[in-house]
Structure formats: C-alpha cells, structure tokens
Amino acid sequence: MPIKFNSLLNQVGIADNQVILVRHKDLRAEKSRSPFEMWRSNMPDFEEYQREQSLANRPKFERAPIWASFVGTPRGETVFVGLYNSTGRGGSEERDIYDLSRNAALDEFA
C-alpha cells in the first residue's frame, strides 16, 4: 500500500491545510549549485536558497505556515527533503526572503 503524504502529516499532528508543497528545481543552475546538489552536499546553502522567493509566488507561500520541501533530481524524480516552519517575510522590491526553521516532524522520511 502506498504511503500518502497527508496521512504522514496527520500521524504527526499536522493538519494538511497548514502545509504547502514546494518543489525546487532550477534548470539554469550550474550542476553543483542545483537545489538537489545543494541539499545533498551543502544544507546551509540549500536552506538559504529556498528562503528567497519571487514576489509572484507570495500568494502561495502566504497560504500556510509550514512548507513541505521537495527537490527535483537530475533524472526528473522528486525527493522529499523536509518540513520548514515559515514565521515571517522580509525582502526587497524584487524578492521575498522568508524566515524558515527546520521542523523535524518528518525527518525520517527525508
């Protein structure tokens, strides 16, 4: 039987309406600087990368306080990399910078 992501959230006491799904993939990035490679080899860089989002995405990121982060692999697959609590937003005229902290509730599945 397949594992359903909403079921995992419910098992750890997180309502699915409190979570947005975020998939990071940047085809323009150098191979060593792709979200997937940063997640695998340099977690601080990955977490800094995901904090910065375009203004056009603001409505999505404001819908829920928890981000379920995924990255696209070089083979086109999608990998869950963790949950993050979003507690605020700053930025500039061009980009939003979100205050994120790791939520360890589903770390065993990352």
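A: The largest pocket holds about 330 Å³ of space. A pocket here is an open set of points on a 1 Å grid over the protein atoms alone, where a 1.4 Å probe fits, with protein on both sides within 12 Å along at least five of seven lines; lining residues have an atom within 4 Å of a point. Grid points are joined across faces, edges and corners, and the volume is the space filled by probe spheres set on them.

The model is predicted: local features need pLDDT of at least 70 and side-chain atom pairs count only at pLDDT 80 or more, while totals for chains, interfaces and linings use all residues. Residues are numbered from 1 along each chain as its sequence is written, and side-chain values use heavy atoms, with hydrogens and water left out.

The lining of the largest pocket has 14 residues, and Tyr49, Glu52, Gln53, Asn57 and Arg95 lie nearest the centre. Strand 1 (19–24), strand 2 (52–54) and helix 4 (58–61) each give two or more residues to this lining; helices (H or I, at least four residues) and strands (E, at least two) are DSSP runs numbered from the N terminus. By class, the lining has seven charged residues (Asp, Glu, Lys, Arg), three nonpolar (Ala, Val, Leu, Ile, Met, Phe, Trp, Tyr, Cys, Pro) and four polar (the others, Gly among them).

Next, the packing. The largest nonpolar core has 13 residues, of which Ile20, Trp39, Phe46, Phe61, Trp67 and Val71 touch the most other members. Such a core is a set of buried Ala, Val, Leu, Ile, Met, Phe, Trp, Tyr and Cys residues joined through side-chain atoms within 4.5 Å; buried means under 20% relative accessible area, with a 1.4 Å probe and protein chains only. At least two residues of this core come from each of strand 1, helix 2 (35–41), strand 3 (66–72) and strand 4 (78–91). Helix 2 supplies the largest share, three residues.

Not counting residues up to four places away in sequence, Trp39 touches Phe46, Val71, Val79, Phe80 and Val81, where contact means heavy atoms within 4.5 Å. Another core, of 10 residues, lies apart from the largest one and includes Leu8, Ile14, Val19 and Ala68.

Ser69 lies in strand 3 and is buried, at 0% relative accessible area. Beyond four places in sequence, the contacts of Ser69 include Val22, His24, Val79, Phe80 and Tyr84.

Methods:
Buried < 20%, exposed > 50% of the residue type's maximum accessible area, 1.4 Å probe, protein only.
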